[in-house]
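Reader: Could we go through this model together, starting with the pockets and then moving on to whatever comes up?

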Amino acid sequence: MPHYTASDKAAEVAVSEKVQLDGTMTVLLVGVGGQGTILAGSLLAMAAAEAGLDVKVSEIHGMSQRGGSVSTVVRMGEKVDSMVADPGCADVIVAFESMEALRAQEFLREGGKIFVNDEVIVPVSVAIGTFDMPEDVDGALDELGAVKIPAGQIAREVGSPRSTNVVLVGALSTALPFSAEAWEDAISRRVPPKTVEANIEAFRQGRAAAGAEA
């Protein structure tokens with residue numbers, strides 16, 4: 001499970017806003033290979049590091065060509081000593097599709113938040129008949145209190161179908177203490193220059209879909 005310290009990578013960037021957290025905060029991003037979970041985790045790590053926090057990132061890469069699961073854990077705080085992410089420890093989960101949200105639910109702490117791309121991708125295990133799909137995915141997500149975001153639809157509407165992950169980053173931003181400007185700065189420096197405008201609009205629409213005020 002590769003991991004790195006985002007704080008070190010961003011050491012040359014001046015702290016634009018100092019944020020203090022009460023202890024360590026854990027965000028879990030889950031999806032299927034190719035959906036952009038790693039970029040989303042990178043944007044989160046950049047925003048947190050530039051807020052003066054210690055940030056550590058762990059990534060588990062599934063077999064994307066076979067529909068494998070991919071997860072990224074981002075932990076942040078004044079001092080992060082461990083990357084252990086046990087069940088019940090995630091303050092926020094961002095799921096890039098509905099089935100991965102249900103797989104990851106055991107990691108959500110009581111009172112935590114979960115944002116889900118309102119899309120179902122049939123896993124390989126279901127396609128070959130090894131496992132069965134839950135009968136009522138939407139109902140199960142509702143029981144979790146999940147905030148469902150039509151991220152794919154939003155990305156298409158802003159003219160950037162591949163920006164589903166950035167839409168979800170926008171939703172995630174409503175649960176974290178970093179300014180919208182800090183997130184947009186991270187996006188501007190991380191995505192290809194030609195896509196900056198569309199990605200920032202995707203981010204803003206994701207925030208709106210999660211209930212943020214303009």
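Author: Helices (H or I, at least four residues) and strands (E, at least two) are DSSP runs numbered from the N terminus. On a 1 Å grid over the protein atoms alone, a pocket is an open set of points where a 1.4 Å probe fits, with protein on both sides within 12 Å along at least five of seven lines, and its lining residues have an atom within 4 Å of a point. The model is predicted, so to speak of a local feature requires pLDDT of at least 70 and a side-chain atom pair counts only at pLDDT 80 or more, while totals for chains, interfaces and linings use all residues. Residues are numbered from 1 along each chain as its sequence is written, and side-chain values use heavy atoms, with hydrogens and water left out.

Reader: How does its lining divide by class?

Author: There are seven nonpolar, ten polar and three charged residues in the lining of the largest pocket. For these classes, Ala, Val, Leu, Ile, Met, Phe, Trp, Tyr, Cys and Pro count as nonpolar, Asp, Glu, Lys and Arg as charged, and the others, Gly among them, as polar.

Reader: What about the volume of the second largest pocket?

Author: The second largest pocket has a volume of about 250 Å³. It is lined by 17 residues, and Leu-28, Val-30, Ile-60, Ser-71 and Phe-107 are the closest to its centre. Strand E2 (25-32), strand E3 (54-60), strand E4 (69-77) and helix H3 (98-104) each give two or more residues to that lining. Eleven residues of the lining of the second largest pocket are nonpolar, three are polar and three are charged.

Reader: Back to H7, why is it largely enclosed by the rest of the structure?

Author: Ten of the ten residues of H7 are buried, so H7 is largely enclosed by the rest of the structure. Buried means under 20% relative accessible area, exposed means over 50% and partly exposed lies in between, using a 1.4 Å probe and protein chains only. Asn-165, which is found in H7, is buried at a relative accessible area of 5%. Not counting residues up to four places away in sequence, Asn-165 touches Gln-35, Gly-36, Leu-39, Ala-40 and Phe-96, where contact means heavy atoms within 4.5 Å.

Reader: Which residues of helix H8 are buried, and what do they pack against?

Author: In helix H8 (residues 180-190) the buried ones are Ala-182, Trp-183, Glu-184, Ala-186 and Ile-187. The buried residues of H8 pack against helix H2 (37-50), H7 and helix H9 (196-209).

Reader: How many residues has the largest nonpolar core?

Author: It has 45 residues, and Leu-44, Val-55, Met-76, Phe-178 and Trp-183 have the most contacts inside it. H2 gives the most to this core, with nine residues. A second, separate core has 17 residues, including Val-73, Leu-102, Leu-108 and Ala-146. A nonpolar core here is a set of buried Ala, Val, Leu, Ile, Met, Phe, Trp, Tyr and Cys residues joined through side-chain atoms within 4.5 Å.

Reader: Changing topic, where is Met-25, and is it buried or exposed?

Author: Met-25 lies in strand E2 and is buried, with a relative accessible area of 14%. Leaving aside neighbours within four places in sequence, Met-25 is in contact with Val-74, Arg-75, Met-76, Asp-91, Val-92, Ala-175 and Leu-176.

Reader: And what is Arg-109 in contact with?

Author: Leaving aside neighbours within four places in sequence, Arg-109 is in contact with Gly-88, Cys-89, Ala-90 and Asp-91. Arg-109 has its place in strand E6 (residues 108-117) and counts as partly exposed at 32% relative accessibility.

Reader: Lastly, how many helices and strands has the protein chain?

Author: The protein chain has nine helices and seven strands, and buried residues make up 50% of its 214 residues.

How values were computed:
Grid points are joined across faces, edges and corners, and a volume is the space filled by probe spheres set on the points.
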